[in-house]
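Hi,

Here is the structure I promised to pass on.

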Amino acid sequence: MAARPQLRAVLGPTNTGKTHLAIERMLAHGSGLIGLPLRLLAREVYDRVVAAKGEAAAALITGEEKIVPEGARYFVCTVEAMPLDRGAEFVAVDEIQVARDPDRGHVFTERLLHARGYGETMLLGSDTMRPMVRALLPQAEIIRRERLSTLSYVGHRKITKLAKRTAVVAFSAEEVYAIAELLRRHRGGAAVVMGALSPRTRNAQVELYQSGEVDFLVATDAIGMGLNMDVDHVAFASRRKFDGHQWRDLRADEIAQIAGRAGRFTRDGAFGETGECAPFEGEVIARVENHEFEPVEALLWRNRELSFQSVGALIASLELPPEQRGLHRVRGADDEMVLKRLTEDAETMARARTPGAVRRLWDACQLPDFRKSSPDEHARLAGRIAHHLLGPQARLPHEWIAAEVNRLDRPGGDLDALQQRLAHIRTWTYAASRPDWLEDAEHWRARTREVEDKLSDALHDALTQRFIDRRTSALLKGLRREDAMLAGVSPEGEVTVEGHYVGALEGLEFRPDPRVSQGLEGRAVRNAAMRALKPELARRLARVANADEGEITLTRDGRLKFDGAGVARLVRGAPLLAPRLELIGAEGSAETQRAAARERLEYWLARKVGADLRPLLALESAWREGRLPAEARGLAFRLIENAGALKRTGADLSHLSSPARAALARLGVRIGRHHIFMPALVRPRAAETLAVLTRAGEAPTGRGVFLPRAGALAVALDEARTARELAAAGYGACGRLAVRFDIIERLAAAVEGAEQPPDAALARIMARPVRELEGVLTALGYRRGEGEIARWRAQAARPARARRAAGDSPFAALAELIPPSPPAPPRRRRRNSA
């Protein structure tokens, strides 16, 4: 009779050897599978398994990395990536107390309840999980492990007085960097460890610490789960963290999890506060030292029997409540939120009609938000992936992935830029780990790994240079002076330090007072001012991110204004119908805050372009999708490239058939006597938007945007303008005047009509004096006839004398842009009015 599989829960505080025990037990079996809470820890354990059993026997599977030799027997994974369909003699799940986490908890709960080995299953975690293990797994054997060393509270220590082999813990990149800078200034340097680092960067930084090159480590709570280092003292620079939903104080068990990194094996450890961290209460200290914490009373849960019959059935199955006590259904999970947002996309829903398509849609929704972007931005990315996976090719386009990866393949830039690119490349590393998402998944796995390694090395070099280089930082030369400096921002945006005006905050941009902008003392003052600006900038960025449609405006100089101040500008060189923008100021603010504001402004701009330039967008869509007759596509392309207007003489229309003309007409294109244009774009609102976007897309000239007042039929040209500038505003050049396209056509129709009005009537059409009529009509290719009735007539070409005269004019460039019109139709005999 086969032995009954063993189910054990090994519980206890940190430094009890739980993970070490699990690895030893796994290697004692013929095959094994272990799930770990962090990619960093998974890589560390994988390296240990490789050292013990060889590369051919070990596999590593995370969301972004997959190393699976053909004969692999031991699988080291992140908990989310555990391949439960692959049987193993031994299965372990580490840090099961994460099952209470609002974001990842339901995955740990599912593994706790269902991940089992043929011979042995081991669940590792805090002793706070004892009641839940007893309630949910009454058959499990619970083993209590005691800490191998003593952990003691030693109180507050100044950062500059910390003992060697100390890890300083903070909860934001800004804090980590500031403390590392201070330690470099006073103690020679520090290594940096954060959860956002890649394993390659993290290992390189840890090696700096472990080798003794530096004596200090500055880290986030990423060191709190299983990362073993020679730390004697853990100093908390803060006791508040952002848990993905809100800022809150650390719980006693979380403090113990982090403080427990001090004193490994039988060497005692210590913990305390440093910097501006508020002191721990006596009760908290006693709990941490004695490892006594409130038990976990509920775990997050999600139904594992999902229905893929339809999107509605999938959502319903996700929302099923648990039947067991002690389990709470997870709410607000990222993948569920993405799925519900995508249900609003009719095209995606139309493609998700079969169970297989619904499953593919759900796969796309489970894309992790490595970039920590806004919910809308993350949903858009997942939606775009789903759109391709549900399309005819059922794969992500090679061109798209190549463009995104190539854009990130840049190892230059500062720390924030490198970390941002690393976060973005993780998305494509994750996609490359899905063989059913890409045609050549092996190629893209190697390519994304190459880029990640390159960025990781660059980030390690940047961290080392910044925080271990002995040279004095200009920023920290003023740090001692800043300790006593009081800074503030008035409601009007005036920034003061110690009561003295040092500059102003205009929109999101800080403009320092030039009188205090020089020298070492000035730098210290400005540093204090920038610290005071951070909360105000965060508030303003949040207001921009939540702005109503009517609170944002686009100005003629290509800036987006909010609250009367410019907060973003159009980026030069962007496509006319797909403009891009950049924030003005907000340096030093959190990237998530900047991204939210930028996303709101980009969304507003996209809506404005869609509303104001709808006819041009429709023409581009018809051209791009091949919905135009072949002979009309070239003309449509030229219209799109030239702001929706062309001179008739510059376009060969002889090949344009009646159906082609009709197709263009249906899209709002008018083929006039002198110009081919879109009347809807001549309207003031459309013309203003088109003129501003056109100007922003061209190289700087020092000229402002050409935009006459609304309703102007013709205006004088006081400086040379390109035909494209004029066309964007709805005007054509006629000598020294710019005349609106529809007025040019009305004027031409009157001149070429059977009953030609007198000059005064012709001049009234464009609301200009009679003396200016001759210059306009001559520029359009008409000449005064001879005889008693001196009618205006079309001429085949301008005489050389006229061209020379135009060449002598400061408007020569404009004159050369006006070729003659085609010959007029045969002249009709004029009837006597009598």
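Below is what I found, taken region by region.

One thing before you start: this is a predicted model.

**Around strand E6**

I'd begin with strand E6, residues 90–93. Is it buried on one face or on both? Both faces are covered: Phe90 and Ala92 are buried on one side, and Val91 and Val93 are buried on the other.

E6 also has pairing partners to look at. Strand E2 (residues 32–36) runs parallel to E6, and four bridges join the two. Within that pairing, Leu33 has Val91 of E6 as its bridge partner. Strand E7 (residues 120–125) pairs with E6 as well, again in the parallel sense and over four bridges. Val91 turns up here too, standing opposite Thr121 in E7.

How do you get from E6 to E7? Helix H3 (residues 105–114) belongs to the picture: E6, H3 and E7 make a β-α-β unit, and that unit is right-handed.

**Two helices packed together**

Next, go to helix H9 (residues 311–318) and helix H12 (residues 355–365). Their axes are 10 Å apart and they pack at an angle of about 55 degrees. If you want to display the side chains, the contact is made by Val311, Leu314 and Leu318 from H9, with Val358, Leu361 and Trp362 from H12.

The last stop is an open sheet of three strands, in the order E30-E32-E31, with antiparallel pairing. Which strands sit at the edges? They are E30 (714–716) and E31 (731–734), each of which pairs on one side only. On average, neighbouring strands in this sheet are turned by 25 degrees against each other, ignoring direction.

Looking at one pair in detail, E31 and E32 (residues 737–740) are joined in the antiparallel sense over four bridges. Gly732 stands opposite Val739 of E32 there.

Then there is helix H26, residues 741–751. H26 lies across E31 and E32, and runs at about 85 degrees to E32.

Cheers

Note on methods: Residues numbered from 1 in each chain as written. Predicted model: local features only at pLDDT ≥ 70, side-chain atom pairs only at ≥ 80, totals over all residues. Heavy atoms only, no water. Pairing = 2+ DSSP bridges. Axes fitted to C-alpha atoms, helices over the stretch in contact; angles between N-to-C directions. Contact = heavy atoms within 4.5 Å. Buried < 20%, exposed > 50% of the residue type's maximum accessible area, 1.4 Å probe, protein only. Right-handed = clockwise from strand over helix to strand, strands pointing away.
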